[in-house]
Amino acid sequence: MKEMRRAIKPISIFLIISLVCISMPYGYASAAIIETEIAKDSIEGKQARNYILSVLAREEVQAVLTAQGIDSQEAKRRLDSLTDAEVIRFAKEIKQLPAGGGAFGTIVGAALIVFLVLLITDIMGFTDVFPFVKKHH
Amino acid sequence: MRLHGLVDIEVPNQFEIDDVPFFPQEAYQCGPATLSMALVWSGIQVEPETVAPEVFTPSIKGSLQSAITGAARRHGRIAYPITTIDSLVKELASGHPVIILQNLGLSWFPIWHYSLAIGYDLEDGFVILHSGRTSRKHLSLITFERTWDRSDHWGLLVLPPSQLPVTAEESEYISAVIGLEKTHHWSEALKGYQTALNRWSNSLRIYIGIGNCYYKLGDLKAAEAILRDANILFPNEGVVLNNLAQVLLEQGKYNEAHESVRKAIQLGGPLSHLYQKTFEEILFLKDTH
């Protein structure tokens, strides 16, 4: 046992020194640089949020919302309660619709309006269609 | 002719990549054999026996998809998902072999099988696979589509970071490069971002990725330069200002670092608690120097 300890001792000292060396330069650095993955999620979350807001602001959508008795200001506030991941998923769903994505500037398809209204009523707690909408009980 | 409407894109009617090596598989070892073929094609010299411990799970007698993706990254390769028949054929037509997972059985009795797609023939309706113990196996496109459908269309490109998939989509590609960062392949990740920047020259995410790779490689000057470029293109981005502040700080440029992070905090946003941390650190180090 004693011999073993004697044999291990130089290794332990070496390990202690190398661990100190490894941790020194990164001690602060790892806490402060923002990793690409975190930056990416945050940037894409912001883009998706702006995209959905631009969809919400469209006249055709506003008209349907008003007809359903939904306050668009409240809808926007509910949108804020979604996480980046949820918003990114929404935006993706909208863009995959036939009239979504690039053509959206000119035409809003019937399917898109139905989807949006359900999405917004989901966020507002009137419906429960999409499992990815966060519910506040 | 477009076969049964399965493929709806403009590509040559038939194509086969002719320089893809073939490793016949041992029992249950389709994962390691297939990944090895893709890696060797991409320029990494491996054998199925050396790849097996990285992907094979003995208890399930197979290899999980996440393990295949992870192993490709551990060898410094871009692992990019392919999930539609159109993108599969497009990649093949541009000379990129694709790893595919099929369920040869049924949903309630699955028989999972990896193989490497190396070509196709739309005229006669088949795909060409390096599969099991057969090289250049012809499989009817209909059967292929059904068996691929039962694996939820799982497909994977394994590419050197200097080559972009022809079907690459920006966000998905950046995620693939982030996979290289996660396995600490900073040089390869840097190359991947630089390749991506050629296609998407105005991408904030790519600029941030390049900055981070230079930083991890210890090249603070290059990190500073790319982040300054990013700051000119995107003056109101807190992440750029924060990371620039950190890079300046580590070069002892305390005042500039302080100024940069102060701007980030002014902009606010969901990451402002991180900017605050950088700010406090800068103040601390500024005082002690």
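Predicted model: local features only at pLDDT ≥ 70, side-chain atom pairs only at ≥ 80, totals over all residues.
A salt bridge, for this talk, is a side-chain nitrogen of Lys or Arg lying within 4 Å of a carboxyl oxygen of Asp or Glu. With that rule, A:Lys40, A:Glu44, B:Glu170 and B:Arg205 come out linked in a network of salt bridges.

Residues are numbered from 1 along each chain as its sequence is written, chains are lettered from A and ligands numbered from 1 in the order in which they are written, and side-chain values use heavy atoms, with hydrogens and water left out.

Let me stay with the two chains and how they meet. Chain A gives 17 residues to the contact and chain B gives 30 residues, where contact means heavy atoms within 4.5 Å. Between them the chains bury about 2,000 Å², with 61% of it on carbon and sulfur atoms; buried area here is the accessible area, taken with a 1.4 Å probe, that two parts lose on being put together, summed over both. On the chain A side, A:Ile33, A:Ile34 and A:Thr36 lose the most area to chain B, together 31% of what that side buries.

Because A:Lys46 lies in helix H2 (residues 36-56) of chain A and B:Glu237 in the loop between helix H9 (220-233) and helix H10 (238-249) of chain B, the pair joins two chains. A:Lys46 counts as partly exposed at 43% relative accessibility, whereas B:Glu237, at 18%, counts as buried; buried means under 20% relative accessible area, exposed over 50%, and partly exposed in between, with a 1.4 Å probe and protein chains only. Another salt bridge pairs A:Glu35 with B:Lys216, at 3.1 Å between the closest N and O atoms.

Other salt bridges stay within one chain. A:Arg49 in helix H2 and A:Asp84 in helix H5 of chain A are 35 residues apart and link distant parts of the chain, their closest N and O atoms being 3.0 Å apart. In this pair A:Arg49 is buried at 17% relative accessibility, and A:Asp84 is partly exposed at 25%. In chain B, B:Glu259 and B:Arg262 meet in a salt bridge of 3.0 Å, N to O, and both lie in helix H11 (residues 254-267), three residues apart, about one turn of the helix.

Turning to the interior, a nonpolar core is a set of buried Ala, Val, Leu, Ile, Met, Phe, Trp, Tyr and Cys residues joined through side-chain atoms within 4.5 Å. The largest one has 104 residues, and among those with the most contacts inside it are B:Leu35, B:Ile99 and B:Tyr193. A second, separate core of 21 residues includes A:Tyr51 and A:Leu82.

Finally, is B:Phe109 buried or exposed? B:Phe109 counts as exposed, at 53% relative accessibility, and is found in the loop between strand S5 (98-103) and strand S6 (112-121) of chain B.

Technical notes: Helix = DSSP H or I, 4+ residues; strand = E, 2+ residues; numbered from the N terminus.
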